[in-house]
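Here is my notebook from an afternoon of looking things up in one structure. Follow along with the model on your screen.

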Amino acid sequence: MRLLATAQALPERRVPTAEVARLCHVPEAIALKRSGVHERRWLSGQETALTLGTQAAREALHRAGLNIGDVDVLLNASGSQLQPIPDGAALYARELGLHGAATYSLHGTCLSFLLALQHAALLIHTARARHVLIISSEGGSVGLNPHQPESTLLIGDGAAAVLLGPPTRPGQGLHAGRIETHPAGADHTRISGGGTLRHPNHPAAAPTDFTFDMQGLQVLKLASRVVPPFLERLRPGLSSGLPGITRVIPHQASQAGLDLLRRYNWPEEQVEVTLRTLGNVIAASLPLTLHQAVEAGRLGEGDTALLVGTGAGLIAGGVIWEL
């Protein structure tokens, strides 16, 4: 599987942490230290996750020199839904003018892009599809609770699109991929409302059920236990170094989450970071960080990337990809 193009679309509004800290009644210095985010983008005006995702997709197609009719499969890999029904991929297909192709979503919260990447590899390497378009777009700012500063200080909005095609040389594609779920963390990060368990007509439903809730310390404790053995199962040696890896593309969960990477003896100069300027853009964090690395020339054809992170559930995931 070959990377044909990446693209991003960001909201116009830049929101400094000082503004969010005032909203959450947290001192700015503490907010900066806890989150590691100096600014993030939030939706404004007529912007939506749908408009951003569509914009990123069109730019990726342009960069690859392809038309929308060349896309065989469109995968929506977003952590936040546009709406429950129909599936968000159908809405992107309508906006893009994609007719008759397979379109559907793969949802793994913050690791949705990793699920889509592995699924795309399967489709391409079994010749079920030639070109696969992945869209990850988030508008999480609309569901933040300022009384929950842990998440409000972190979340940003944005979209990325990645266009994939068949390999052009032996060895090009995914060399390893692994997803593990550790359900002891199922309640550590959640939006409890919106489904059939806590629906809008539920007698106990409250507005806060439809906003983001995170127990950051509990997530961090669980991740610190499960991630090192997970890395060893992904590729032996990864919990103490970067064997065969050119660059690490981590999910930008939080500053504390990125600090955990130091325990694995991963040189900082090999780790791509977007948290400072974009925040945690949920499922779009991974493809946005990949896009930055590619655009800056720090990752290119022939290089090997480790895309890795954790998501709500608690899910640990990673892929090793020779571009």
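**Entry 1: E4 and its partners.** I began with strand E4 (residues 73–76) and strand E6 (residues 132–138), which pair in the parallel sense over four bridges. Keep in mind that this is a predicted model. I then looked up who faces whom: Leu74 has Leu133 in E6 as its bridge partner, and Asn76 has Ile135. E4 also pairs with strand E5 (residues 102–105), again parallel and over four bridges. There I found Val73 standing opposite Ala102. I reminded myself that strands of a sheet pair through backbone hydrogen bonds, either parallel or antiparallel.

**Entry 2: buried or exposed?** Are the residues on the two faces of E4 buried or exposed? I checked both sides: Val73 and Leu75 are buried on one, and Leu74 and Asn76 are buried on the other.

Entry 3: Next I zoomed out. I traced an open sheet of five strands in the order E1-E7-E6-E4-E5, and its pairing is mixed. Strand E1 (2–9) and E5 are the edge strands, each pairing on one side only. Neighbouring strands are turned by 15° against each other on average, ignoring direction.

**Entry 4: helices around the sheet.** I looked for helices that touch these strands. Helix H3 (residues 49–64) packs on the sheet, where it touches E1, E6 and strand E7 (158–165). The direction of H3 makes about 140° with that of E1. Helix H5 (residues 112–125) lies across E4, E5, E6 and E7, and runs at about 170° to E6. I also followed the chain through E4, helix H4 (residues 88–96) and E5, which make a right-handed β-α-β unit.

**Entry 5: two helices meeting.** At what angle do helix H1 (residues 17–24) and helix H2 (residues 28–35) pack? I read about 110°, with the axes 9 Å apart. H1 and H2 are therefore roughly perpendicular to each other. In the contact, Thr17, Ala18 and Ala21 of H1 meet Glu28, Ala31 and Leu32 of H2. I sorted the residues of this contact into four nonpolar, one polar and one charged.

**Entry 6: a helix inside.** My last stop was helix H10 (residues 285–295). Eight of its 11 residues are buried, so H10 is largely enclosed by the rest of the structure. Among the buried ones I noted Leu286, Pro287, Leu288 and His291. Just after H10, Gly297 takes a positive phi of about 80°.

Notes:
Residues are numbered from 1 along each chain as its sequence is written. This is a predicted model: local features need pLDDT of at least 70, side-chain atom pairs count only at pLDDT 80 or more; totals for chains, interfaces and linings use all residues. Side-chain values use heavy atoms; hydrogens and water are left out. Buried means under 20% relative accessible area, exposed over 50%, partly exposed in between (1.4 Å probe, protein chains only). Two strands pair if DSSP finds at least two bridges between them. A crossover is right-handed if, with the strands pointing away from the viewer, the path from the first strand over the helix to the second runs clockwise. Axes are lines fitted to C-alpha atoms, for helices over the stretch in contact, and angles run from 0 to 180 degrees between N-to-C directions. Angles under 35 degrees count as roughly parallel, over 145 as roughly antiparallel, 65 to 115 as roughly perpendicular and the rest as oblique. Contact means heavy atoms within 4.5 Å. Ala, Val, Leu, Ile, Met, Phe, Trp, Tyr, Cys and Pro count as nonpolar, Asp, Glu, Lys and Arg as charged, and the others, Gly among them, as polar.
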